[in-house]
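Q: I am new to this structure and would like to learn how to read its side chains. Where do we begin?

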Amino acid sequence: DSRLAARIQHTVLGRYGARIGDHQESEVIVRVQPQPATKRIPTGLTDGGDFFVSEASYKIGPVQLTTCGFVANLEEKRLSSEEMAMIPEPVPEATIDERQRTPEKSKMPRNVIVLGIVSLLTDSASEMIYPLIPIFVAALGSGALVLGVIEGVAETTAAILKLFSGIISDKLRKRKLLVAIGYTISSLARPFTGLAGSAWQIVFIRMTDRVGKGIRTAPRDALIASSVDESIRGKAFGFHRAMDHAGAVLGPLLAIGTLLILILVFEMKDTLLTLRWTFCLAIIPGTLAVLTVLFFVKEKVDSVPAGKPFRFSLKQFDRNFMAYLSVVVIFTLGNSSDAFLLFRVGEAIHQSGSLYAIVAGAPLIGEMVSQFGDAEAQKKLVDILFMPLIWGFFHVIKAAFSTPLGALSDRIGRKVAI
């Protein structure tokens, strides 16, 4: 609460400002956090200076006080109700933000930007394939049932591995290694979709792809969190999601461009063959993503030692986290794979027939489609070209709002934003 933080700030500056001023900087930044009833916090000064935080201090609950520079010995001070009433009005919130967010802390770290580029490249590779999977599955003679199995197995695999990769990265303190392994597995597995002879083979290819995602996600998020100041953490994760969604816009455009080159330049007339080649060429942006991780991402872990032995227990998490986890589970049960939305869009296009009429009346694209086999083959071509555009439009919206709404959570709080 910004008003409570301001009151604490006035109290500390008023009571101990002179003593703090004896050292380098007298500015005090206050963050309100849950703490044990009494906690000793060393400052690293040669004279052994430290200060104490007590639940009864200032009569306003447990707090943690941190400073920009050195801290002198701060003796515990209990204020009476009369003294509390004499504390001036809180500093405006903008002033507090200004003090907390120095130019250096407000700047987006290099690691976050590089990991954003990695996600852009990876999602470009993934989205060259994903929006075309429903069409590809249908072309192989299967339908919604197999599509559901593919997505269910894929997402379950990723969800389970996210847990274990997070535990392993905490133990090994090697975030970059796991991130690199995860991106490599996905980038190598994904293009094999183009070699699948039946829909059931896609299940294992997608599962391997999601193995890579499950391995990299938790350590990558930890790497982002360790690389950025807490005051702009929401903005940093929002930026990363925006780059991810930008890749999901670029990927379908790359798929359409590849399809048009295969059809117009190489004169391919088989829709299934053009899809296979497009899927195989997705290895190019995937390889660029892996190389970017290897050469430009820097290892960054927090200063807390690994400590406890390698194990996992739900007792490690507080009630607040478990409550949030329950909300996520309930929400996910009511959610569905976006692949079903694409499948339904394809069905709607077929039932309507209006898109085919619009394409047939268009000068350039209509002429190109008319030269592509019989009427059924022409309809398949229209589906292949327009499905990625529809999918890309979804991600244009996501990319546009991810960074500003992530930054908003830095101001209004995570819970309200969620």
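**Reading burial and salt bridges**

A: We begin with one residue in this predicted model. Arg 344 has a relative accessible area of 44%, so Arg 344 is partly exposed.

Q: Which residue forms a salt bridge with Arg 344?
A: The general idea is that side chains of opposite charge can pair when their charged atoms come close. Here Arg 344 pairs with Glu 347 in a salt bridge, and the closest N and O atoms are 3.6 Å apart. Glu 347 counts as partly exposed, at 34% relative accessibility.

Q: Why are Arg 344 and Glu 347 separated by about one helical turn?
A: Because they are three residues apart in helix H14, which covers residues 338-352.

Q: Is Asp 244 buried or exposed?
A: The cut-off for buried is under 20% relative accessible area. Asp 244 has 10% relative accessibility, so Asp 244 counts as buried.

Q: Which salt bridge links distant parts of the chain?
A: The side chains of Asp 209 and Arg 190 meet in a salt bridge, at 3.6 Å from N to O. Asp 209 lies in helix H9 (residues 199-227), while Arg 190 lies in the loop between helix H8 (175-189) and H9; the two are 19 residues apart. Both Asp 209 and Arg 190 are buried.

Q: Which residues are linked with Asp 209 and Arg 190 in a network of salt bridges?
A: The network also includes Glu 151, Glu 155, Arg 206 and Arg 210.

Q: How many salt bridges does the structure hold?
A: The structure holds ten salt bridges.

Q: Let us turn to a polar contact. With which side chain does the side chain of His 240 make one?
A: The side chain of His 240 makes a polar contact with the side chain of Ser 119, at 2.8 Å. His 240 is located in helix H10, which spans residues 233-264.

Q: Is His 240 buried or exposed?
A: His 240 is at 1% relative accessibility, so His 240 counts as buried.

Q: Which residues does His 240 touch, leaving out those up to four places away in sequence?
A: With those left out, His 240 touches Leu 115, Gly 116, Ser 119, Arg 220 and Ile 224. Ser 119 is also its partner in the polar contact.

Key. Residues are numbered from 1 along each chain as its sequence is written. This is a predicted model: local features need pLDDT of at least 70, side-chain atom pairs count only at pLDDT 80 or more; totals for chains, interfaces and linings use all residues. Side-chain values use heavy atoms; hydrogens and water are left out. Helices (H or I, at least four residues) and strands (E, at least two) are DSSP runs, numbered from the N terminus. Buried means under 20% relative accessible area, exposed over 50%, partly exposed in between (1.4 Å probe, protein chains only). A polar contact is a pair of N or O atoms within 3.5 Å; within protein, one must be able to donate a hydrogen and the other to accept it, and residues adjacent in sequence count only if both atoms are side-chain atoms. Contact means heavy atoms within 4.5 Å. A salt bridge is a side-chain nitrogen of Lys or Arg within 4 Å of a carboxyl oxygen of Asp or Glu.
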